[in-house]
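Please look at the model with these notes beside you, and take the points in order.

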Amino acid sequence: MSDLLERLRGRGWRMTAQRRVVAEVLDGDHVHLTADEVHARAVDRLPEISRATVYNTLGEMVSLGEVIEVSTDRRAKRYDPNAHRPHHHLVCAQCGAIRDVHPSGDPLADLPAHERFGFTVSNVEVTYRGVCPNCAAAA
């Protein structure tokens, strides 16, 4: 059973066949799939699963805090099951590939108090942009 499935079960989330398939599709490292990609992979495992069911299931997982919705540009939102380990994202400016990165240090510590303008900061999102090895090799 995947970490995501275990977390969802631990929260008492009713595990239907459709929900299970969506969770299984999201299992793994560096997973950042769009809802359409999740649906396409879910259909391979459970042909009768609808697009609406996938979208609703992803929305529920985000609401539970078990999946993160990632928007790195004007492309479709992506869904990241790595919701419980703080991390940032490395994004290819050409193909849109996304990797989780875990740099050392605290990005909030780099924001001086006078630059917080009185905000109580609850979350920091850092996105590194560049060109992945595949795109660099193709150039």
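1. A pocket, as the word is used here, is an open set of points on a 1 Å grid over the protein atoms alone, where a 1.4 Å probe fits and protein lies on both sides within 12 Å along at least five of seven lines, and its lining residues have an atom within 4 Å of a point. Its volume is the space filled by probe spheres set on the points, which are joined across faces, edges and corners.

2. This is a predicted model, in which local features need pLDDT of at least 70 and side-chain atom pairs count only at pLDDT 80 or more, while totals for chains, interfaces and linings use all residues. Residues are numbered from 1 along each chain as its sequence is written, and side-chain values use heavy atoms, with hydrogens and water left out.

3. The largest pocket holds about 420 Å³ of space, and among its 19 lining residues Ile68, His87, Asn123, Val124 and Glu125 are the closest to the centre.

4. An open sheet of three strands runs in the order β5-β4-β6 with mixed pairing, where two strands pair if DSSP finds at least two bridges between them. Its edge strands, β5 (98–101) and β6 (127–130), each pair on one side only. Strand β4 (residues 88–92) pairs with β6 in the parallel sense over four bridges.

Technical notes
Helices (H or I, at least four residues) and strands (E, at least two) are DSSP runs, numbered from the N terminus.
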